[in-house]
Amino acid sequence: MAKRSTIIAAGAAAVLLVIVGAVAALNFSDSDAPGEATHVTVRLWDEPVAAAYEKSFAAFEEDNPDIQVDVEIVPWDDYFEKLRTDVAGDGAPDVFWVDGGSYPAYADAGALLNITTALSADAQAGWSPAVTAQYTRDAALWGVPQLADPGIAVYYNADLLDDAGLTPADVSALTWDPTGETDTLIGVLQKLTKDYNGNTADSAEFDGSNLSQYGYNAGYDLQAMVLNYLASNGAHFQDDTNQYSFASDAGIASFQYLVDLMNKWQVAPSAADTNTNGDFSREQFLQGKMALFQSGVYNLANVSAGANFDWGVVQLPSGPAGAISGVDGIAAAGNAASGHPAQTQRVLEWLGSAAGAEFIGASGAASPAVLAAQPAYAAYWAAEKVDISPFYDVLAAGTAPAPRGAGWPAAENAMRPLLDEVFLGRMPAGHGVRAAQEAANATLSE
Amino acid sequence: MRSRGGLRRRSAITGYALLAPSLFGVVCFLLLPVLVVLWLSFQSWDLIGPITFVGLDNYRSVLSDGVFGNSLLVTLVFVLLVVPIQTLIGLGAATLLTRSLPGSAWFRTIYVLPWICAPLALGVVWKWILAPTDGALNTLLGQRVEWLSDPALALPAVAAVVIWTNVGYVTLFFMAGLLNIPGQILEAARIDGAGAAKMFWHIKLPLLRPTMFFVLVTTVISAFQVFDQVYALTQGGPARSTDVVAARIYYEAFDAFDLGRAAVMAVILLVVLVVITLAQQLYFRRRVTYEMD
Amino acid sequence: MKWTNFSKTAAIYLVLLLGALLTLGPFLLSILTAFKTREQFAQQSALSWPDPFTLENFALLLNGPAQFGRAIVITVLAAILILVGQLICSILAAYAFARVDFPGRQVLFWVYLSTLMIPPVVLVVPLYLMMTEAGLRNSFWSLVLPFAFASPYAIFLLREYFRGIPQELIDAARLDGANTLDVLVEIVVPLSRPIIATLTLITIVSHWNSFMWPLVVTTGTEWRVVTVATASLQSQFNGNWTLVMAATTLALVPLLVLFLMFQRSFVRSITIAGSA
């Protein structure tokens, strides 16, 4: 009798043992073996830069054989959700990218390495002042500046312009005007938009519900569209106390203009596509189905690799207050709870050095925030015969800052559904934008 | 006397020993979390900062800002869309499948397939089928319908996907219920000259009441907690039109990082579901007169 | 009369066939798409046959950074561990409730039963906090622990079943000197094979499919299960539907195969498990 229960007990124990063994094997495969190099993990969301990092860290590891750097990509859509739970659960990588809206909460919680004190003053020289300022909070710097995105510009598909009888010069100095008086943008976009029967948007037979070619990408894209349209109409996204202030008359007019491009003039993909898929417009542009695509240098590598048509870059349309673009920087933050602070510090120093950042610039992946690496970036695109000056020239007229303050994730969460509805044309812009501002500000007072 | 007492004590020790592992599980992973969520509903926590006591602030904020109200309403509409429709279709399918036509077993097997599959994976499949530009359905229709991005269509579309998933499950129970109706009763009715319609409405349906009750209870409760399909299809959008309670709790906690508010919503959901269950139990006691198999 | 009967039957079959088509359609579309190239997907109708027939999407999933193979292994291991743990703990508890007399039995049983009313969604936030505090977040054990000890639901089903086992059988074994464990292993478990099979199928299905808890408690590819891997692939390769459909195929097909192999006991199990 007892035999059978023993056999069953032994069987169950064996199953458990096998599973525990298998899990241990899964665990072991990526843990540090004694005597080997210390693993330092660097997390980011951008694939072209990750490829440049791989090369950069290969050079770093040659001089630092005691460190092995693992590059980890987490897609943008999940990035900040995952980062928050990882930091909360002591599972965050040693170094991770942050953006201007996300870092304050981490800095305030003591989760980030204070770069001002952790890195030597020498190591901190030569960084883009704009990005350094963006990541300075309470008189300390909370990340090593990595990318300094210059302004936003407009990518054009030269073949589609040609089809419409236009030249790049015809789209390089467009103006938008909410009153319509001096507007030249809409007319051009109508020529560049086609329905499924091939009618352009300025013809009488045009059926805007079924487009085969889009003129432009007027969806909710904070960095590429909203901030610029607000600023070039004299409106502000946030005021000096970081309260949201985009629902001014000028701000509402900016939103209304963008919504009209989609829903009234029908020269841009519907918000139904762009609200839920942030990459929709880029995909359409790369497939040759969109004539003008307003975006930043962060898409330069993607467009260069993916476009099999002639393309170029022109300045973004100027509004009543001029052509003003948002600027943004990205920094690599150090994890304050890292298990190997000394090695992490060396990796951060490398990322902030001219030699380390050179790879980002030289591969054309992104515009480096380390000043000494910026010429390599310009040289790369010059060699590719792409004129990237429109991204930089626009900065002369003043810039619009990226979202600031510790409450940005909650504020965006609160206002996004309302703005989605505005862009879908389900809610009048005035009402919806005001409600969005109210919802965003309500999260600040909590 | 002494030996009886000893036996008793031994049996008590055996009982507790057998119960120990499961009791550990029930206490640690079911009862304790309920206390923790209750406690957390009075705290403020953003995952990385300290946890601080804020009294009723979270309750005030959840009950006043309309976001949770919207979620309750959306969930209610969702339940009212899903439960009646899938019950009707399931009942219809069960009636057809219990006519002992050859091949019925095959159809039954096919219908129940979606129910055993991962709702998340099926949601992703449907996300593609319903995609506006390159989705299978719009390609077949030759017409652009914004199933998931039009706030008026999104909730019905999600409901349709959930109904599609559940119909086979509901059908199984109605089939079992119909097959359990004693043959003599049906025979007697037939002799009395009852037609097919009369037979269904006056004989079968009343006899199906326990099955009906069971199906309604389980499907109402599970529809209240729908998450996977919403996550895959719409993430609560567009414009919060599919922002069901479970999705709201998830996004409040792990997207907006306001764990206190998420805890309040969880507490409210718990209360609502307990009340529904108890109410249904009471109703069950009164109305259902005979035991289910 | 005969003719109306025939047309009636034909109509019934038509309806049933239509239903079957609607049910199977999405599965077939998804599997077909998984074997297509991106070019074919972009150019041809969703209904077209894969040409050329490609395994590239699957190769990319299994060998690429998505680590789908690892996700499958982790999901299987977690499901087995949960199954074994749940069965052992539940059988012990159910036997205690069914056949052992001890003070507080009634009260404890009601406590167990009342936990059936707790919706899993409610537990996610507090369990996340508890796992984080215990340092177990993003580990294999965080996937398993909350479910491996007991399922009040399984205990309830087993207890009902155990109560139907004749007491004389147990008494006879006792006279032969068997202790409680012997009785369980020798008599109760062998007599309860059908209900244990039911619980096995239901547990495997529900943990292969579970999503919200693994989504919350794991990050990155390390301890990711199949459903979470599918969801993250969906958000990463938004619009790359051939690859995404290969992922859903990998998530769906193992259970479909399992279901078709054991379809009779599955169908019975669903009805038994449901009517508890």
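A residue is called buried here if 20 or more other C-beta atoms lie within 10 Å of its own, and exposed if 12 or fewer do so. In this predicted model, buried residues account for 48% of the 293 residues of chain B.

The overall form of chain B may be considered next. Its secondary structure comprises 13 helices and two strands. The radius of gyration of chain B is 24 Å, well over the 19 Å that the globule rule gives for 293 residues, so the chain is more spread out than a compact globule. Along the principal axes, the C-alpha atoms of chain B fill a box of roughly 85 × 75 × 30 Å.

A single residue illustrates the local surroundings. B:Ser11 belongs to helix α1 of chain B, which covers residues 2–40. Because B:Ser11 has 17 C-beta neighbours inside 10 Å, it counts as partly exposed. When neighbours within four places in sequence are left aside, B:Ser11 is in contact with C:Val100, C:Asp101 and C:Phe102.

Chain B also meets chain A, in a contact that takes 25 residues from chain A and 22 residues from chain B. On the chain A side, the elements giving two or more residues are α3 (76–88), α4 (103–108), α11 (271–274) and α18 (408–423) of chain A. The most is given by α18(A), with six residues. By class, this side of chain A has twelve nonpolar, six polar and seven charged residues.

Methods:
Residues are numbered from 1 along each chain as its sequence is written. Chains are lettered from A and ligands numbered from 1 in the order in which they are written. This is a predicted model: local features need pLDDT of at least 70, side-chain atom pairs count only at pLDDT 80 or more; totals for chains, interfaces and linings use all residues. Helices (H or I, at least four residues) and strands (E, at least two) are DSSP runs, numbered from the N terminus. The radius of gyration is taken over C-alpha atoms; the globule rule is 2.2 Å times the number of residues to the power 0.38. Two residues are in contact if their C-beta atoms, placed from the backbone, lie within 7 Å. Ala, Val, Leu, Ile, Met, Phe, Trp, Tyr, Cys and Pro count as nonpolar, Asp, Glu, Lys and Arg as charged, and the others, Gly among them, as polar.
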